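Look over the sequence and structure below.

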Amino acid sequence: MNFTQMYKKTIINAIPNRPYPNPNRNPIRFLRLLRRLRYRRPHILAAGLLHSLTLPLRFSVSPVMSVIKHPFQLASSSSSRLCSLRASLLTLAVLTLLSLTYLSFTSLHSSASSSPSQLGGLEDAADDEISDVYHSPEVFRLNYAEMERKFKVYIYPDGDPNTFYQTPRKLTGKYASEGYFFQNIRESRFRTEDPDQAHFFFIPISCHKMRGKGTSYENMTIIVQNYVESLISKYPYWNRTLGADHFFVTCHDVGVRASEGLPFLIKNAIRVVCSPSYDVGFIPHKDVALPQVLQPFALPAGGNDTENRTTLGFWAGHRNSKIRVILARVWENDTELDISNNRINRATGHLVYQKRFYRTKFCICPGGSQVNSARIADSIHYGCVPVILSDYYDLPFNDIIDWKKFSVIVKERDVYQLKQILKDISDMEFIKLHKNLVQVQKHFQWNSPPIKHDAFHMVMYDLWLRHHVIKY
């Protein structure tokens, strides 16, 4: 089979019921077809190029074959045909050079133009890659994408921002999570000015600001009650569900109890709180655990550094709870667990406390005055596997991520076996916990403006999951 037959066959097989262009009669149409086939049918392109580039050679060889078959033809005729051979060979060389130059240019142009989209595709693929630290990775990916497209929240405009409403107190300290949420919700795509489009309604009252201004617990309860009742009387939205599609956010220790003046605020509305204890009014599966994050972090994030972590366990802090008293009494003098029954004095050196996270495998996180502790987020940030030593604690994002895959959860009654529990974790198990820990670090970081998968978006995703059960 010659080149022309092969070209015809490949074109007919690839594009049935369509006449193929003859490169001799219609070269422009032929070149256009080759350009399309460069993306779709590389084998046809090769055949077409061979067909076109060898046409001059085949035309030039035919007179030579003629001379061989008829050696007694006139010399003048042979001479003219040999000249034609030289011209054809020169034409072939020029065509080859032009074709290679054209293909190189178009290939470079195609690569340059497609690079951004290819890189974007790689970035999208990286974003879409979901780890198995989630209970249902594919469900999370799909629901999260739907949330980003659809979720809308209306913020009530009432209240003087200079008192307790609308704006956060500050974005630093152990209650920074409350301040970041107040700021992030206004910066995000989720906010809507049209209450008829809203899935949820945000009650923008800050318990942290109340405490900062010296408001007592009793007065805090009255202020929250009066504010919510004013919203109920002014707007129709609360009465549609008796508050089931409303939420408020607080990170202060007494924030949960600040809602006690209004029964439906406890029973129906969603409370996003840093103190999600089952035994002090927090209602799991309705309320949302807000991660307590002490920002800004003093040092960069740790991770992928397991070979540097030589200390088995570490804790230093005040003995302001029963479990902390027991922890310090039992393990304070242990040679493998670094346990201090008080905060590390800053006089001992710069950032000594934070640097200990970098060289420790497991960081002990006992509950303090409340079940929660900012030490959990510190441990995650610095790459130290947290050991949750706090009963009745609804861990942040517990219905989304599997804490057992990046932390160690120990019952308070097992504090006496703490060292053996940690030593029984093999090196391979620790490396896996540490690797998963690095993957969830982004969920325990606040940003302004918020970014995908950070603490703000995870809280919003928790709210998004709850909106499906509200009917009106």
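## Helix α6

Helix α6 covers residues 137–150, 14 residues in total. Its first and last C-alpha atoms lie 20 Å apart, close to the 20 Å expected at 1.5 Å a residue. That expected span is 1.5 Å times one less than the number of residues. Helices here are DSSP runs of H or I with at least four residues, strands are E runs of at least two, and both are numbered from the N terminus.

This is a predicted model: local features need pLDDT of at least 70 and side-chain atom pairs pLDDT 80 or more, while totals for chains, interfaces and linings use all residues. Residues are numbered from 1 along each chain as its sequence is written, and side-chain values use heavy atoms, without hydrogens or water.

## The buried face of α6

Which residues of α6 are buried? They are F140, Y144, M147 and E148. Buried means under 20% relative accessible area, exposed over 50%, and partly exposed in between (1.4 Å probe, protein chains only). These four cover an arc of only 95 degrees around the axis, which puts them on the same side of α6. The arc is taken from the directions running from the helix axis to the C-beta atoms. An α-helix has 3.6 residues a turn, so residues three or four places apart point the same way.

The buried residues of α6 pack against α17 (455–467). Contact means heavy atoms within 4.5 Å.

## Nonpolar cores

The largest nonpolar core has 84 residues. Such a core is a set of buried Ala, Val, Leu, Ile, Met, Phe, Trp, Tyr and Cys residues joined through side-chain atoms within 4.5 Å. F181, F247, F362 and M460 touch the most other members. Helix α17 gives the most to this core, with eight residues. Domain 1 (137–294 + 460–467) and domain 2 (306–445) each supply at least three residues. The domain bounds come from an automatic or database assignment.

Apart from this core lies another, of 25 residues, including Y165, I205, M220 and Y227. Back in the 84-residue core, F362 touches L312, F314, C384 and L433, among others, not counting residues up to four places away in sequence.

## The five-stranded sheet

Five strands form an open sheet in the order β1-β2-β3-β4-β5, with parallel pairing. Two strands pair if DSSP finds at least two bridges between them. The edge strands, β1 (153–155) and β5 (288–289), each pair on one side only.

Strands β3 (246–250) and β4 (270–273) are joined by four bridges. V249 has V272 in β4 as its bridge partner.

## The whole chain

The chain has 17 helices and ten strands. Of its 472 residues, 47% are buried. Among contacts with a separation of 6 or more, 69% join residues 24 or more positions apart.
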